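Here is a short briefing on one protein model.

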Amino acid sequence: MTSRSTEDSGVLVIGGGAAGLSLAHRLTENGTATAVTLVEPPDGPLRPAERTWCYWGAGADGLEEAVSASWSVLRLHGADGGSVTVDPAPFTYRMVRSADFERMVHGRLARTEGARLVRGTAQAVRTVPAGAEVRCALPGGRSQTLYARKVFDSRPLPGLPPARTRLLQHFRGWFVRTDTDRFDPAVADLMDFRVPQPAHGLAFGYVLPLAPDRALVEYTEFSRDVLTTGAYESALGHYCRDVLGLGRLTVERTEQGVIPMTDARFPRRAGHAVYRIGTAGGATRPSTGYTFAAVQRHSRAIAAALRDGRDRFPAPHGLRAQVMDAILLRALDTGRIDGPRFFTDLFRRVPAERLLRFLDGTTSLREEWGIGLRTPVGPMLRTAAEVPFLPRRSRPADRTGGSPR
């Protein structure tokens, strides 16, 4: 059974992940004077499991209702056992659970005139003279065709574009409860390199305390290939038992994900009225995997442009950031720099607030020059000279997704 929608949306957003929800939120938050439709999968196998998204924030940012935890002290543990504790003020590190974010955005859509939520699976997007049409499969075997003047598509690409360097940030996390108080709820461990390092790339633990006896504990690798579930579980068991010394614990929930770290040029458009957002549109910072903060900036910029009647939208990351990421990725991939030492030294030598802005891609040229002088200059310069001459190659890639940081 097919039903054709007679309602014309000014803006249609595909996908109920971080990018789709964020754009729908910013569009309604800014009072954009066009109808907004959010299309996301109904409950069932196509709907992703609950996940967490983390980012740096300063002051009010419109996400307060969805933030479930935050930390004002950050810590890194070097491979040598030494630690670095920093105060990132005015930033705090904030956690958003997908269920809370979804509930907030759905509520705003329900309260906003001209906005609506369609529970369906977008199957095809086709450009038409007045914009684009999206064919959706609805529950019960029905289908519906929706029309919009502009479509923003956050669905993962079937494969990654050609790239000179291609790594993956892949991880598995346990939400644990311990028998005794083991965590300091004020301190988040961003990178703990006291874990065995792979032959290629780097690995670290990641601890976000939620209470003295509860935390999200993750094992993360930057490498070329993902691990088996058994290998992740073994690494997490070793980290919790032998590094953190947590003793008896209960794993209440798990999460797992893969984030592309690549200097590929992601297409920002798929037609004159169809735009890609999120990881599919290049929002992931290639050298770190951080995505959520860039998604917020990009969503606000798109909402402001639409409100002002502009058809041009900025890229999620500027050219300088893309060049620096290509160099760092290549240096990590070739082993010219020691990953654990590189990131630990940055936190030891660069003021935390400046470094966090650098990781998110919001520093000035002068600040980036100063940070660059605190890296292994020789290996980075050799890599910078090499990168422009490397060919971009295609390779079939897994559909990636997970918990953007």
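The points below are grouped by topic.

This is a predicted model: local features need pLDDT of at least 70, side-chain atom pairs count only at pLDDT 80 or more, and totals for chains, interfaces and linings use all residues. Residues are numbered from 1 along each chain as its sequence is written, and side-chain values use heavy atoms, without hydrogens and water.

**Overall fold**

- The protein chain has nine helices and 18 strands. Both are DSSP runs numbered from the N terminus: helices are H or I with at least four residues, strands are E with at least two.
- The radius of gyration is 21 Å, close to the 22 Å from the globule rule for 405 residues, so the chain is as compact as a globular protein of that length. The radius is taken over C-alpha atoms, and the rule is 2.2 Å times the number of residues to the power 0.38.
- Along the principal axes, the C-alpha atoms fill a box of roughly 65 × 55 × 40 Å.
- Buried residues account for 54% of the 405 residues. Buried means under 20% relative accessible area, exposed over 50%, and partly exposed in between (1.4 Å probe, protein chains only).
- The chain exposes about 17600 Å², and carbon and sulfur atoms supply 51% of it. Areas come from the Shrake-Rupley method with a 1.4 Å probe; for residues, only the protein chains shown count as cover.
- Take contacts between residues at least 6 apart in sequence: 76% join residues at least 24 apart. A contact means heavy atoms within 4.5 Å.

**Strand 10 and its partners**

- Strand 10 (residues 131–137) is mostly covered, with five of its seven residues buried.
- Strand 9 (residues 121–128) pairs with strand 10 in the antiparallel sense, over seven bridges. Pairing requires at least two DSSP bridges between two strands.
- Ala124 stands opposite Arg135 in strand 10.
- Strands 9 and 10 form a hairpin with two residues between them.
- Strand 10 also runs antiparallel to strand 11 (residues 143–153), joined by six bridges. Ala137 has Ser143 in strand 11 as its bridge partner.
- Strands 10 and 11 form a hairpin too, with five residues between them. In that turn, Gly140 has a positive phi of about 85°.

**Aromatic pairs**

- A search of the whole structure finds 14 aromatic pairs. Rings of Phe, Tyr and Trp (its six-membered ring) pair if their centres lie within 6.5 Å; planes under 30 degrees apart count as stacked, over 60 as edge-to-face and the rest as tilted.
- Trp56 and Tyr290 have ring centres 5.6 Å apart and planes at 50°, so this pair is tilted.
- That pair links distant parts of the chain, 234 residues apart: Trp56 is in strand 3 (residues 52–57), and Tyr290 is in the loop between strand 18 (274–276) and helix 4 (292–307).
- Trp56 is buried at 6% relative accessible area, and Tyr290 is buried at 10%.
- Phe222 and Phe343 form an edge-to-face pair, 6.4 Å centre to centre with 85° between the planes.
- Phe222 in strand 15 (residues 214–223) and Phe343 in helix 6 (residues 339–349) are 121 residues apart.
- Phe222 is buried at 2%, and Phe343 is buried at 4%.
- Ring pairs link Phe193, Phe204, Phe222, Phe342 and Phe343 into a cluster.

**Charges over rings**

- Arg253 lies over the face of Phe175, 4.1 Å from the ring centre.
- Arg285 lies over the face of Phe358, 5.7 Å from the ring centre.
- The criterion is NZ of Lys or CZ of Arg within 6 Å of the ring centre and within 35 degrees of the ring normal.
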